[in-house]
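Look over the sequence and the 3D view before reading on.

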2 protein chains.
Amino acid sequence: MNASWWLEPVQAVDESYAQAARKRQAQLTKPPGSLGELETIAIRLCGLQRCDRPHIERAHITVFAADHGVAEEGVSAFPQAVTVEMLRNFARGGAAISVLARALNATLEVVNVGTVGNPGPLPGVIDNRIAAGTANFFHARAMSEAQLAAALQAGAESVERAHGQHADIFIGGEMGIANTTSATAVACALLNAAASRLSGPGTGLDNAGIQHKARVIDQALASQRFSADDSLDILRCFGGFEIAALTGAYLRCAQLAMPVLVDGYIASVAALCALQVQTKASVWFFYGHHSAEPGHRLVMEKIAARPLLQLGMRLGEGSGAAAALPLMRLACALHNQMATFAEAGVSEAL
Amino acid sequence: MNASWWLEPVQAVDESYAQAARKRQAQLTKPPGSLGELETIAIRLCGLQRCDRPHIERAHITVFAADHGVAEEGVSAFPQAVTVEMLRNFARGGAAISVLARALNATLEVVNVGTVGNPGPLPGVIDNRIAAGTANFFHARAMSEAQLAAALQAGAESVERAHGQHADIFIGGEMGIANTTSATAVACALLNAAASRLSGPGTGLDNAGIQHKARVIDQALASQRFSADDSLDILRCFGGFEIAALTGAYLRCAQLAMPVLVDGYIASVAALCALQVQTKASVWFFYGHHSAEPGHRLVMEKIAARPLLQLGMRLGEGSGAAAALPLMRLACALHNQMATFAEAGVSEAL
């Protein structure tokens, strides 16, 4: 791919299809507006897919996994070995996202963008290790410029595979011990916020653990030089390979006209990074689940988006987006299959 | 059925199964609690279904339809003829709930408990008309004691059919022009609240229409004699046949150990009526969608429940509950199919 491919133009909505969809929704046998966000989803999809009958049949889920140098600061409730152990769990179908992908008849791809250990070949797992984890951002930049470019590209390549398989929607997930710490540092840098406002339990820290995590992030933010306007530089400073891969994936989706269902907190931080690179990508992004992680609210406020679900989930792996996928499918079914007032011989409003 | 069958005991949760399910959730390969309400759903279902692996495969949806005398006070944006016209739309598969039932592979049954017009035989529609609509509660009690009993029984019989077909969950919906007016009057009587606090647009009233609707309800509440402790008497005064049928259905579900996914505003008012008859029925009730109708919030506060979805829907027909059904199925799949830490060889928390 070209250097700086991520700056190439993104696709736009075709407003004429959205307008026709809006008109159809007003003619379906229901009080106008009474399907709420299910109407909005269908209308948006018509504009994005440039069609009269939107479709979200083929869903492609990619989970990017990587390790984080900052784990050595004791910021996670789980040992770093879990990242590789969970890769094996994905491969064997026992993880939450494995179960959800099966239940939803979605394609699941796992990409190892940089675990510390080498798990060897695993079925369904693409080995794209950029390094044995990032550097510890408490002491240094998390990654080099070349590593950042490689991570962005790993995300883009996953989307190209999805596109080649005619996926209707892309869901990106992540797995990596200590990655809420990395995501929170990135979000704090982008939002110019203190870490205490965004830090949460992640996989299960207690209050003392959350305070320690916030201190680690605040000290790192104070010691590194970055510009709040440059999300890619911020990813270099504090990001993880999987977070950068998600950022690259989301940008590539917008270039390839692929709707995205963004997962929870960490994925939303990656979406925020992508939107700072290309604001116009936003039309391609749907948001699946409002995470229980406290930082997610601030990120959603910045993006001015409201996720479809709010079920207290905080698992990652793309699980919150996967849980919301049926709503997008039902929105399509309603738009496509409901009768109009004229077809059904039903009287309209007085 | 016996007179006062609705007072017969309801089934209880088996707490030992719920406890075992809670223990299993803690052993699955995810941070404890990170599936949020999806964990709660699975745990509750294990206790209700008295099993280790809960299942929500067979879903039975019943839409009860009826007309309302109070429609002649000009409280709806749509003409009364729409109730029967929508029965035909249900029968032909063009209504929102018809589409959702197909998409969800759910059984859809429609019961006419009292439209003004006789639509004649319609495929998939059970003719159980109690009367040609209720009396106008602005002037008189909406129904007689015998009519109330018949409506409760119509609901119970629908649940018995679902039970006979081994349904795993019951969704009740409603259709009836002017029935948010009826439901709001019932809710105001139960909550001792002024109608202005609960009245909303229903199918699409403007502000003047909402104020008129509230005045009609307040005057009716002032002119009729009822006890706020007697929800069945309140249903007689202000209810609709379909709302009473839902009340009977929900009580019968709790007696037959059938989990219920309650729909939006009107269905929740029926659930509140049922809970006033038998508080212990509450364990069987899940709530699908928080309606855009303003009265729903007060009803949910009284029940102390939080619906799974909040998508701005306000359609009725059971559509909000149907939209939430996939979440219950995914909760079961995750509980049943995820690997434990031991099975997957994944390290537990530090």
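Arg58(A) touches Gln165(A), His166(A), Ala167(A), Asp168(A) and Ile169(A), leaving aside residues up to four places away in sequence; contact means heavy atoms within 4.5 Å. This is a predicted model, in which local features need pLDDT of at least 70 and side-chain atom pairs count only at pLDDT 80 or more, while totals for chains, interfaces and linings use all residues. Residues are numbered from 1 along each chain as its sequence is written, chains are lettered from A and ligands numbered from 1 in the order in which they are written, and side-chain values use heavy atoms, with hydrogens and water left out.

- Arg58(A) sits in the loop between α2 (37-49) and β1 of chain A. Helices (H or I, at least four residues) and strands (E, at least two) are DSSP runs, numbered from the N terminus.
- Arg58(A) and Asp229(A) are 171 residues apart along the chain, and their C-alpha atoms are separated by 36 Å.
- His68(A) belongs to the loop between β1 and α3 of chain A.
- His68(A) has a relative accessible area of 1%, so it is buried. Buried means under 20% relative accessible area, exposed over 50%, and partly exposed in between (1.4 Å probe, protein chains only).
- Leaving aside residues up to four places away in sequence, the contacts of His68(A) include Gln80(A), Thr134(A), Ala178(A), Asn179(A) and Glu242(A).

**Strand β4 of chain A**

- In β4 (residues 169-175) of chain A, 7 of the 7 residues are buried, so the strand is largely enclosed by the rest of the structure.
- In a regular strand the side chains alternate between the two faces of the sheet.
- Both faces of β4(A) are covered. Ile169(A), Ile171(A), Gly173(A) and Met175(A) are buried on one side, and Phe170(A), Gly172(A) and Glu174(A) on the other.
- β4(A) pairs with β1(A) in the parallel sense over 7 bridges. Two strands pair if DSSP finds at least two bridges between them.
- Opposite Glu174(A) in β4(A) stands Phe64(A).
- β4(A) also pairs in the parallel sense with strand β5 (residues 260-262) of chain A, over 2 bridges. Here Ile171(A) stands opposite Leu261(A).

- The buried residues of helix α12 (residues 295-303) of chain A are Gly295(A), His296(A), Leu298(A), Val299(A), Met300(A) and Ile303(A).
- These buried residues pack against α6 (179-191), α7 (195-198), α11 (265-277) and β6 (285-287) of chain A.
- Most residues other than glycine have a negative phi.
- Ala304(A) follows α12(A) and has a positive phi, near 60°.
- Ala304(A) lies in the loop between α12 and α13 (319-337) of chain A. Its relative accessibility is 68%, so it counts as exposed.
- Ala178(A) has a positive phi too, near 85°. Ala178(A) lies in the loop between β4 and α6 of chain A and is buried, with a relative accessible area of 5%.

**Aromatic rings**

- Over all chains, the structure holds 10 aromatic pairs. Rings of Phe, Tyr and Trp (its six-membered ring) pair if their centres lie within 6.5 Å; planes under 30 degrees apart count as stacked, over 60 as edge-to-face and the rest as tilted.
- Phe78(A) and Phe341(B) have ring centres 6.2 Å apart and planes at 20°, so this pair is stacked.
- The pair crosses between chains, from the loop between β1 (59-66) and α3 (81-92) of chain A to helix α14 (residues 341-344) of chain B.
- Phe78(A) is buried at 6% relative accessibility. Phe341(B) is buried at 6% relative accessibility.
- Tyr250(B) and Phe285(B) form a tilted pair, 5.6 Å centre to centre with 55° between the planes.
- That pair joins helix α10 (residues 241-256) to strand β6 (residues 285-287) of chain B, across 35 residues. Both Tyr250(B) and Phe285(B) are buried.
- Phe137(A), Phe226(A) and Phe238(A) are linked into a cluster by ring pairs.
- Arg44(A) lies over the face of Phe286(A), 3.9 Å from the ring centre. A charge sits over a ring if NZ of Lys or CZ of Arg is within 6 Å of the ring centre and within 35 degrees of the ring normal.
- In chain B, the charged end of Arg44(B) sits over the ring of Phe286(B), 3.8 Å from its centre.

**Where the chains meet**

- The contact takes 55 residues from chain B and 55 residues from chain A.
- The two chains bury about 4,500 Å² between them, 66% of it on carbon and sulfur atoms. Buried area is the accessible area (1.4 Å probe) that two parts lose on being put together, summed over both.
- Phe78(B), Leu311(B) and Leu330(B) lose the most area in chain B, together 13% of what that side buries.
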